[in-house]
Amino acid sequence: MTIDLFPEATRTAGLERMKAFAPKMGRVYASGRNADPGAELLLDNDEGAVSVLSPFVRHRLVTEREAVETALSRFSYSTAEKFIQEVCWRTYWKGWLELRPSIWRDYIEARDHALPNVEDDSGLRERFEAAVTGRTGLECFDQWIGELKDTGYLHNHTRMWFASIWVYTLDLPWALGADLFMKHLADADAASNTLSWRWVCGLQTKGKTYLARASNIARYTNGRFNPQWQLATDAPALDGPPHPLVSTLAAEEPIIGERIGFLITDEDCHPMETLSGMPSPVAIASVFTADTRSPSGAGEVSVEFSKAALADASQRVSSETGLEVSVLSPAALKDWADENDLDAVVTSWIPTGPTRDAVTSTGISLTERRRSWDNAFWPHATRGFFPFKEKIPSVLADLGMDVAPPRRKSSKKRAHR
């Protein structure tokens, strides 16, 4: 039986899921976040310790700020720190790639170089086909392939095991594994996905790799799987060029002209912050790009989530502005701008990745606006996550959030006067 983890890809559904998980954003998450009870129990009130919010956050149906504010409304920063840090990991990866966009191009080249090799190398082809069809003989891995395709989701810890097994046990190119995730995950994100796969195989933090161990899998799947003696025992770092120099964030250009169009992409499906800071648009469009995440298209769950998220965003933006939203392919964008005689097309910032590639390849000129959250955090993604993590409380405070520890009640009794 297929498990539907995302029956509705709407802002309302995301907010309801966040509200339901809010009581677990403190110690429950901190102590249980590494455990994967299986797809059928991820949303169980008793068994599940993760939010399964990532597809909503990735499409910004629910924003990172809203998730952190929800945690801080119930817990002190120290109690909710693990949850908040995991939310900020996504922001960190986004900023890191935005400051080094050539890493995305390196991934594309690695992927496109590996794909023909699958056809030419019979041994590689057999291993690859066994992996993507769930016929490796590794019970855990074959189960996860099914979950990935059926649900569009894998637990974060499971993604690490999966990537390590893909590279070190099955001896498959990391970029093809990253492409598989981009194809099927409902939360497929260029930064989080690419940089996490690079981290597993020692390309991101040079020389540091992740080795999946049977004992760790057995422990955190509650004994559902125990691939003892079946996994690689060594994880040598892959060779790769040094990191490129850190660039500066591109400047936000002024909005020039009177006839302004607004574009909705799957990178921001609650673009009210952008809308509120621009002149009233005369035309609005949404553009569907999920099918460009992989050369072979995208999986059914991934496509349907993105389509529904865009439809939900379009409905809300239409209600806000009173304008109908045109649903376009990337190829139709330039004609839409010309037909509406637009002086400028404004959109929420499109980060490095397939959506930016698909939209900018059309030649359309965009005026992009970053969220205040991104402007506050991304400039700190210049090094590893640890120095970034140290900045989180101060950045949240600058954004107006209360991160002060709760006052302790004095144990001393006040003297009566």
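**Notes on a helix pair and a sheet**

1. The crossing of H6 and H11 is left-handed, a term used when the near helix is turned anticlockwise from the far one by less than a right angle, with clockwise giving right-handed. Helices (H or I, at least four residues) and strands (E, at least two) are DSSP runs, numbered from the N terminus.

2. A word on the source: this is a predicted model, where local features need pLDDT of at least 70, side-chain atom pairs count only at pLDDT 80 or more, and totals for chains, interfaces and linings use all residues. Residues are numbered from 1 along each chain as its sequence is written, and side-chain values use heavy atoms, leaving out hydrogens and water.

3. Helix H6 (residues 102–120) packs against helix H11 (residues 190–200) at about 70 degrees, with the axes 11 Å apart. Axes are lines fitted to C-alpha atoms, for helices over the stretch in contact, and angles run from 0 to 180 degrees between N-to-C directions. That angle makes H6 roughly perpendicular to H11 (65 to 115 degrees).

4. From H6, Ile103, Trp104 and Tyr107 meet Ala190, Thr194, Leu195 and Arg198 of H11 (contact: heavy atoms within 4.5 Å).

5. Now the sheet: five strands form an open, parallel sheet in the order E3-E2-E1-E4-E5, where pairing takes at least two DSSP bridges between two strands. Strands E3 (325–328) and E5 (367–369) stand at the edges with a single partner strand each, so one side of each has no neighbour in the sheet. From one strand to the next, the twist averages 30 degrees.

6. Strand E1 (residues 260–264) pairs with strand E4 (residues 344–348) in the parallel sense over four bridges. Opposite Leu263 stands Thr347 in E4.

Technical notes. Angles under 35 degrees count as roughly parallel, over 145 as roughly antiparallel, 65 to 115 as roughly perpendicular and the rest as oblique.
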